[in-house]
Amino acid sequence: MGGTGELVRPSMHGRGGPLDAAARRVAAVGDGEGQLLLVTGEAGIGKTRFLQALRDLATEQGFVTWSAAAFPEDVEFSAGLLLDLGHSLARSDRAEISVLGRDLVDGLEAVPPPAAGSGDAHRRRRLLVLDAVDRLTRLTDEGPVLLALEDLHWCDELSLDVITHLARRVRSRPLLVVGTVRTDELLPDLPVRAWRSRLLLQRMAEEVPLSRLSGSETTRMVAEMLPAQDASPALVELVQRRSGGVPLHVEELVKALVHGHLSADPSYVPETLAEAVDQRFGMLSAPAQEVGVTAAVVRRSFDLDVIASLAQQPEPDVAHAFDELVERQFLQQEPGGWYGFRHALIRDAVERAAPLATRRTLHARVAELARRRPELGGDGYRSVHHEAAGQLPEASAAAGSAAERASALSAHHEALELLDRAIRCLRDDDPSRLVPLLERRAAEAAATDHNARAAEDYERARAAHLAQGDRVAAAALLPPLVAARHLLGDPLPVRVALLDAGIADLAEPVDDAADDARREQVRAALLAAKAAAYLVDDRLDESITAGEAALALDGDLEEQVRLNTAATLGCVLVFAGRMDEGWDRLERAAREARELRLEWETARAYRMLGSAASTLVEYDRAEYWLAEGIDYAARTEQANHRSYMTSHQAHVAWCRGRWDEADELARQGLTDELGGITTRIVAQHVTGFVALGRGDLAGAAAVLEEARVAGTEMGELQRFSPALWGLAECRLLAGDAQQAVELSEAGYQASHEVADAANLFPFLVTGTRARLALPDPAAAQDWADRVGADLEARGVPGTLPALDHAAGLLHLAAGRTGKARERLSAAHEAWTARGRWWEGQWCALDLARCALASNRRTEASGLVEAVRAAAQGQAATVLLDACEQVASRLDEHDAVPAWAPLTLREFEVAKLVARGLTNREIAEELRVTVRTAGSHLEHIGAKLGTSRRTEIATWVASLDRPT
């Protein structure tokens, strides 16, 4: 086993099942049913070899194959994978494909900076994605295509977006997209992590996981590479133990043995893959080693000219070195005359083995060459090599330029990484260079939910502006700083104090007209930020004051700020009870933003319209705007807004008594990774409400408590108050009236503090029932007075039926059945008209109890049957149980006097009324005064809820049995 044994490339082992499954997909794609496959597994597991086998199979079936790869730094570079694919297509011998590739590259590289665009980076990105997908689908115009995309774990967000859209298109195209992903490198911050989960969850992709080799599979692989006499059981066992069954490790360890360069003892097996590669690399000729190190430092695909320029060697010499590196299985040739390392782990081992000084020199050459060869990579790629070469000023400048392009595409993750490098490599304290970078990095950190980093950078930049005496620039940073501090938990007074400090700093006028205009623009933005801050904390009156002040400075507001402020103010107005004005502002903001093609502002206005209507018991309005908003957000690829509006669709469906639909939509919100925490909380409210209505009180309490904790941590009333109400209902249904009282009191205090009605109204009925159940009618009356006063003060129409409902419950408990019937009827009619199903059904049962107390058994029976039918349709077991309780009282009529709730004397008067006697005639019949007869009639009317003699006569006639 020594000397110059021939390198044998083993066949695949242990991959029969996955290859058979992939072969079936190739056949289906050939019939026009496209597919996205993800080949996954740890580094060295054989994904590249598997992909090559799939290429060979597809080629046999008449497919055309195109390939691209992501590289370690590509996670920072917008469209890195797509640019690699575009350049690969551009090198095609087919003119139409070459043109398509150049167009793809030109489209990706011609992105305007933010100042030159429409002002909507999201829209620019979406259109660019759709344009790229259109071009890629054209590859299938002449037949089936395999698109092989390697190492997606290093891929940028923009490229992943394109693959996502491509996955939707391939269903009807003869296109098989296969991507490889290292599952051992799916770090939390990598875009591919959530992307892969989302595609698999939504069944937009199939996964082919590759596992390690078993002992028997390793044995066959080693035997294939070694002469039979050398593949001893002890050697195979040692290879299996040190390789862990990872095919690439097995292959490299055995290759080292084939040449016998590591030890005269043939049983010696290298400890690691890196050691095996290093020893094999050391046996190459000196020119091949120099070329190999140069190629490794490039860190991506390359051609002969690239390496000749970097190695500063004649092309024939480099070509000879390439031949040796390919023969020794370090490099492999790619389409179009380009080359790449056979595996990233081999490339990494070769680069690490080179001296640091050599690598730094090569990194500098790569950076310089990249200026002339854009297909190697853009400014972001150069910045990596400048930094590795120790050329820090050049690295900072290149990274800052690349970050600007990423920001123009809403590629916030990439922009943040690049700005980290730009600031890290900035070695001077010149504020004119540092502060703009800090401001940009803060914005990108906020966009990627790194709020602590955003706040820190905004504060550093603001302090630098103040140190230079630029109060306007310092104040301009306060709105985004306050937004970040809010998400970090700063209380409202602290945030408002910051904004007020900025406004105070701008109070002093300036002489320069341009500076004065900028000052007023910043002042308007600060007022708009105050309006938003007060809205989030439900300080409605303060929010209205700030919002109106901001909009009064219309000429000083930027278009996006003006529209967002108008939407904010509209939302505040409807919650404050100024319905017509508020809805009008909201709807105009949505229309104007849409006409201006400001996609984020449009979606936000839709979101506020739909969610506000959902909360304010305006369900017809909510369903209209939520449907339109969800459609718009889906078409403009704004997943977070779409998910949030879908969760409110679920809420409306629950409110209207469509519980199966509500539960299904809510569960979508709970599993959608693109939805934020607010989406999840609203979805939890809905699932909790459905569960409590269906009798799963423990399950409901668990999910509602989770929502309450999350909402409380956010400090937003609209997030935790509905959960509090649901928990109060759970305790009341479980018979724990005291706990229900305490929870409803907590809900009241939170709303009362900010004069809120929208979140408060459900507590009125629940709290009244709980206090009456103790029983504590005095406390119930006090509760109704306190809560009712807050609801009446706001006058939000959708909340007001709760006043009649609570009053009816109090009258019923006091035996005033006539007044109870009047108020409960009004409440039931209002709940039904507004579509508030839960309260409507309970109110119907309250009316049944009232009818039973008034001896209106037929009426009570009809109400119970109506509720029972509705409850059965929603599997609302708690309502069905309540129906049975009322029905059981109907069966106990023998214990109830026929004249209940009247006294016997009042019943005698009622019967005389039914005979048509006047008050005087009744007085004569009963030998009482006319005044006494009239008093009896007043009592009868109050108890029966009637005002006419004919209604009294009808009641007498409706009695179930003779007296």
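**Exercise 1.** In this predicted model, find where glutamine 329 lies, then work out whether it counts as buried or exposed.

*Solution.* Step 1: look for the loop between helix H14 (315-327) and strand S6 (331-334); glutamine 329 lies there. Step 2: check the backbone. Glutamine 329 has a positive phi of about 60°, although it is not a glycine. That's worth a second look, because most residues other than glycine have a negative phi. Step 3: take the relative accessibility of glutamine 329, which is 10%. Buried means under 20%, so glutamine 329 counts as buried.

**Exercise 2.** Now try arginine 927: is it buried or exposed?

*Solution.* Step 1: go to the loop between helix H45 (919-926) and helix H46 (930-944), where arginine 927 is found. Step 2: read its phi, which is positive at about 60°, and arginine 927 isn't a glycine. Step 3: its relative accessible area is 79%. Exposed means over 50%, so arginine 927 is exposed.

**Exercise 3.** Which residues does leucine 139 contact, leaving aside its neighbours within four places in sequence?

*Solution.* Step 1: find leucine 139 in the loop between helix H5 (121-137) and strand S3 (145-150). Step 2: with those neighbours set aside, you get Trp66, Leu89, Ile97, Leu100 and Val145. Step 3: check accessibility; at 7% relative accessible area, leucine 139 is buried.

**Exercise 4.** What kind of peptide bond joins leucine 774 and proline 775?

*Solution.* Step 1: spot proline 775 in the loop between helix H37 (761-773) and helix H38 (777-794). Step 2: read omega for the bond between leucine 774 and proline 775: about -5°, a cis peptide bond. Most peptide bonds are trans.

Key: Residues numbered from 1 in each chain as written. Predicted model: local features only at pLDDT ≥ 70, side-chain atom pairs only at ≥ 80, totals over all residues. Heavy atoms only, no water. Helix = DSSP H or I, 4+ residues; strand = E, 2+ residues; numbered from the N terminus. Buried < 20%, exposed > 50% of the residue type's maximum accessible area, 1.4 Å probe, protein only. Contact = heavy atoms within 4.5 Å.
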